[in-house]
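Reader: Before we look at any particular feature, could you show me how to read a model such as this one, step by step?

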Amino acid sequence: MKMVLAFSADGGISGDGIDDIAPFRIRGVFDTAANTASWTKSYVGMHSVEYRGLYDLRSICGNWTLGVFTGGFWIWPDGIAQGEQMEVELELPLEQLVPAK
């Protein structure tokens with residue numbers, strides 16, 4: 001499966017992708033206080049799958065549900081973009097960003 005996810009400042013998750021079943025769209029929410037993510041993967045013109053997972057500062061893993069069926073998942077970034085590296089640097093304590101005197 002390949003997909004692109006966008007995480008907005010208000011906690012929204014959106015994206016799209018394709019897997020061995022069909023193209024799909026993603027819509028969901030990310031809770032920064034609990035480091036949890038939940039979204040619906042909707043196949044175009046077909047069924048939807050619910051995802052719930054935990055963010056470990058690098059990946060999201062959890063369970064998917066489709067009716068009575070369930071299973072595990074683990075997703076991670078394909079590569080780190082320059083913007084993501086800047087966010088990580090900005091989250092460091094100020095002492096780590098300022099050179100020691």
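Author: Let us begin with pairing: two strands pair if DSSP finds at least two bridges between them, and strands (E, at least two residues) and helices (H or I, at least four residues) are DSSP runs, numbered from the N terminus. This is a predicted model, in which local features need pLDDT of at least 70 and side-chain atom pairs count only at pLDDT 80 or more, while totals for chains, interfaces and linings use all residues. Residues are numbered from 1 along each chain as its sequence is written, and side-chain values use heavy atoms, with hydrogens and water left out.

Reader: Which residue is the bridge partner of Thr36 in S5?

Author: The partner of Thr36 is Leu54 in S5; S4 and S5 run antiparallel and are joined by 7 bridges.

Reader: In what order do the strands form the sheet?

Author: Strands of a sheet pair through backbone hydrogen bonds, either parallel or antiparallel. Here the pairing is antiparallel, and 7 strands form an open sheet in the order S1-S2-S3-S4-S5-S6-S7. Strand S1 (2–7) and S7 stand at the edges with a single partner strand each, so one side of each has no neighbour in the sheet. From one strand to the next, the twist averages 20°, an angle taken between N-to-C directions, on a scale from 0 to 180 degrees, of lines fitted to C-alpha atoms. Along the sequence, the protein chain follows the pattern β-β-β-β-β-β-β-α-α.

Reader: How many residues does the largest nonpolar core have?

Author: In soluble globular proteins, nonpolar side chains tend to be buried together. A nonpolar core is a set of buried Ala, Val, Leu, Ile, Met, Phe, Trp, Tyr and Cys residues joined through side-chain atoms within 4.5 Å, where buried means under 20% relative accessible area, exposed over 50% and partly exposed in between, with a 1.4 Å probe and protein chains only. The largest core has 13 residues, and those with the most contacts inside it are Ile13, Ala37, Trp39, Ile60 and Phe73. The elements giving two or more residues to this core are S3, S4, strand S5 (48–55) and strand S7 (69–75).

Reader: Are Lys41 and Asp19 buried or exposed, and what does Lys41 form with Asp19?

Author: A salt bridge is a side-chain nitrogen of Lys or Arg within 4 Å of a carboxyl oxygen of Asp or Glu. Lys41 forms one with Asp19, their closest N and O atoms being 3.0 Å apart. Lys41 lies in strand S4 (residues 36–43) and Asp19 in the loop between strand S2 (12–18) and strand S3 (23–31), so the pair ties together parts 22 residues apart in sequence. Both Lys41 and Asp19 are buried.
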